[in-house]
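Try each one before you read its solution.

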Amino acid sequence: DVNKVLQQKQIVLPQVPKPAGNYQPYVRSGNLVFINQVALKDGKIVNPGKLGTALNEQQVKEATKVTMLNVLAVLREAVGGDLNKVKQCVQLTGIFNTPDDYAKHADLMNIASDLTVEVFGEKGKHARGTLGVSSLPVNSSVEIQAVFEVE
């Protein structure tokens, strides 16, 4: 039971962030749910900026956790409040605001991957893409794209 796991591990999912433009927090197509989130908490970006300029790796890892919690909150909404309807995390893609010569993106993304497996167990294991970019919307240090298979 995913709800018991969340409670036992003291993982609290936030309110679903409101879209800042003409898009939805998620789209469901058949049995797949597509989600994109940034490091938004209480209406503010957590640890905004670029790694190595404004932020260190630990700050980006904190922002990554916030972002993945947002993904899970949106997913919970997409399945009508019952995360037990998740059959599989299909793919996570982490996009990080990094300098051109940065090469440890996987270390940053492990935060999101580990949290997903912690919550869903074997169903949380996924394919993954990770990359760095020169900037992200609203000066977030991270954006996560996620695809889940649901009942």
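Ala, Val, Leu, Ile, Met, Phe, Trp, Tyr, Cys and Pro count as nonpolar, Asp, Glu, Lys and Arg as charged, and the others, Gly among them, as polar. This is a predicted model, where local features need pLDDT of at least 70, side-chain atom pairs count only at pLDDT 80 or more, and totals for chains, interfaces and linings use all residues. Numbering starts from 1 along each chain as its sequence is written, and side-chain values use heavy atoms, with hydrogens and water left out.

**Exercise 1.** Find which residues lie nearest the centre of the largest pocket, and sort its lining by class.

Solution. A pocket is an open set of points on a 1 Å grid over the protein atoms alone, where a 1.4 Å probe fits, with protein on both sides within 12 Å along at least five of seven lines; lining residues have an atom within 4 Å of a point. Start at the centre: Ala20, Tyr23, Asn36, Gln37 and Val38 lie nearest to it, out of 17 lining residues. Next, sort the lining: 12 nonpolar, 3 polar and 2 charged.

**Exercise 2.** Work out how strand S5 pairs with S7 and with S6.

Solution. Strands are DSSP runs (E, at least two residues), numbered from the N terminus, and helices are runs of H or I with at least four. Two strands pair if DSSP finds at least two bridges between them. First take S5 (residues 86-97) and S7 (residues 142-150): they're antiparallel, with 9 bridges. Gln91, for instance, has Val147 in S7 as its bridge partner. Then take S6 (residues 127-133), which runs parallel to S5 and is joined to it by 7 bridges. Here Gly94 partners Thr130 of S6.
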